[in-house]
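Open the model in your viewer and keep the sequence panel beside it.

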Amino acid sequence: MSKTEETKAILNLTNTALISIFFILVLGGVIIFALALNYENLTKISSHKAAEFPVEMESNKILEQRDYFSRDFDVSKLGNTIQDSMIKYGHELITNTSKLIGPSNGNSSKQFAGNNLECKNCHLEAGTKPFSAPYVGIYGRFPQYRGRENKVGSLEERVNGCMERSMNGKKLPENGKEMRAIVAYMNWLSKEIPTGEKIEGTGFKPIKIPQRKVSLENGKSLYAQKCSSCHNQDGTGTKNPDGNYAFPPIAGKDSYNQGAGMHRVLTSAQFIKYNMPLGATVQNPILTDEEAYDIAGFINTLERPGKKNTKKDFPDLKRKPISTPYGPWVDNFPPEQHKFGPYQEIIEWYKTEFNLEKNK
Ligand code: HEC
Ligand code: HEC
C-alpha cells in the first residue's frame, strides 16, 4: 500500500466511524424521545386511574390502600389458638348465618336471624369484596356516628342493625360468643389498616343518579331478563334439593325487611350496579346506572316483611337517607318521590337548607 492509499483508507475508516457515531446518536435520541413520550403516557394513565378512585390522599397512599384487599383472607390457614378459632367461627357465622343463628338451626335458644339469608349474600366474598360493604378496614372505623340513631355507636351495635333489618331478626347479645367471634373476624380482616382510616372500596360506590323517576315497567322487564333466572320471577330465590338457598331471596317473607338499607332505591342501585348479576365488579360492571336504578325500584315494589318502630329511626331527621321509603322526613317532598325519585330536587334542597351532600 502506498502512503496516499494508506491515508485514503484511514480517511475512509474515519468516515465510516463518524457516520456510524452519527447514526448511533440519532437512534439514541429517538429511543430517549420515545421513552419520554411513553413515560408521559404512563403517568397519564396512572393519574387517570387515580381520578377514577377519588380519595383525599396522596397518590402513593391510594396504591397502598388497594393492596388491603389483595391480602390472603383464607381463614383455613389460621392455627388453633383461642384467637384463631374465634376468627374462624366468625367467618363461619358470616357465611353460614342461617344454619348457625337462623331459623334453620333447630335450636330455638340460638335463633337470632329471622330469615334464611347469610351475611355474605350482601357482604360478598365473606366481607372481602371492595364496594360490597366489605368488613376489611371496618374495625378501626368504629365507634362511629350513626344517623339512624343520632349517636356514636359501636361495631356491635352496627352488626345488630343488620340483624334487626337485613336479617329481619333480633339483636345478638353483645358479650355472647357469636358477637365476639364476628367482631374478631372483622378485626382480623382489618389488621394493618390504620385506626379511623376509610380505605378505598369501603361501602358502596355511588351511581350517577338518573334525572328522572324510576321506570317500574323498565325495571320489571330488566329483572325478568337479567335476574329472575337465579332469584326467581317473584324474587323468592332458588333452593337446592337440601332446602338451602342456591340463590338468595330478594323478596318475600324470607328476605330483608322494609327497614333495611337494601330497601332504599339508591343504596340498592349502588349494590346492584357493582355486584349483580353475579360477577359484576367496579372494574367490570354489567348494568348501566339507569338499569340498576330501575331494577332497584322494581324490587322495592315486591312484598317483604315490615319493620316495627320505624318512626323511631333517625331521631335527627336531616340525617335520614333521602330514598328511605317511609316517613317522617324533615322535608315536604311526597312519600312517592322519596321511594322512586326523581331525587335531584331533594338533593338540592338538603344542600341549600343544611349544606348536606346526599347520595342515598
Ligand atoms: C340484605 C343485605 C344484607 C345482609 C344479609 C346483611 N347486611 Fe350488613 N349491610 C347491608 C347494607 C345495605 C349495609 C350498608 C347500609 C348503608 O349504607 O346504610 C350494611 C352494612 C353493614 C355494616 C357496616 C358497614 C360499614 O362499612 O360501615 C356491618 C358491620 C354489617 N352490615 C354487618 C352485617 C352482618 C354481621 C350481617 C349478618 C348477620 C349482615 N350485615 C347482613 C346489607 C346487608
Ligand atoms: C347467576 C345467578 C345470579 C344472577 C343472574 C343475579 N344474582 Fe343476585 N345474587 C346471586 C347470588 C349467588 C347472591 C349471593 C352472593 C353470595 O352469597 O356470594 C346474590 C345476591 C343478591 C342480592 C343481595 C342478597 C339478597 O338476597 O337480597 C341482591 C339484592 C341481588 N342479588 C340482586 C340481583 C339483581 C337485581 C340481579 C339482576 C340484575 C341479580 N341479583 C342477578 C346470584 C345471582
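Before the first selection, a word on classes: Ala, Val, Leu, Ile, Met, Phe, Trp, Tyr, Cys and Pro count as nonpolar, Asp, Glu, Lys and Arg as charged, and the others, Gly among them, as polar. With that in hand, the shell around ligand 2 has 17 nonpolar, four polar and two charged residues.

Please remember that this is a predicted model. Colour it by pLDDT to begin: the mean for the protein is 87, and 82% of its residues reach 70 or more. Now select residues 34-60, where pLDDT stays under 50 and the model has eight contacts beyond four places in sequence. Where pLDDT is low, the predicted coordinates should not be read in detail.

**Ligand 2**

Select ligand 2 and show what surrounds it: 23 residues, the closest being Cys227, Cys230, Pro248, Met276 and Pro277. Helix 9 (residues 228-231) supplies the largest share of this shell, three residues. Colour by domain next, and you will find at least three residues of the shell around ligand 2 from each of domain 1 (75-189) and domain 2 (216-354).

**Ligand 1**

Move on to ligand 1. Which residues are closest here? Among the 22 that surround ligand 1, they are Cys119, Cys122, Cys162, Ser166 and Gly261. Highlight helix 6 (residues 155-164), which gives the most to this shell, with four residues. By class, the shell around ligand 1 has 13 nonpolar, eight polar and one charged residues. Ligand 1 lies between domain 1 (75-189) and domain 2 (216-354), because both give residues to its shell.

**The largest nonpolar core**

Select Ile182 and Tyr185 now: of the 62 residues in the largest nonpolar core, these two touch the most other members. Helix 7 contributes the largest share of this core, nine residues. The core also draws at least three residues from each of domain 1 (75-189) and domain 2 (216-354). Zoom in on Ile182 and, leaving aside neighbours within four places in sequence, look for its contacts with Gly90, Leu93, Ile94 and Val159.

**Ser268**

For the last stop, pick Ser268 in helix 10 (residues 265-275). Is Ser268 buried or exposed? Ser268 has 26 other C-beta atoms within 10 Å, so it is buried, the cut-off for that being 20 or more. Not counting residues up to four places away in sequence, Ser268 touches Met262, Ala296 and Ile299. Finish by drawing a C-alpha to C-alpha distance from Ser268 to Ala292: they are 24 residues apart in sequence and 8.3 Å apart in space.

Methods: Residues numbered from 1 in each chain as written. Chains lettered and ligands numbered in written order. Predicted model: local features only at pLDDT ≥ 70, side-chain atom pairs only at ≥ 80, totals over all residues. Near = placed C-beta within 6 Å. Helix = DSSP H or I, 4+ residues; strand = E, 2+ residues; numbered from the N terminus. Domains from an automatic or database assignment. pLDDT = per-residue confidence, 0-100. Contact = placed C-beta atoms within 7 Å. Buried ≥ 20, exposed ≤ 12 C-beta atoms within 10 Å, placed from the backbone. Core = buried A, V, L, I, M, F, W, Y, C linked by C-beta atoms within 7 Å.
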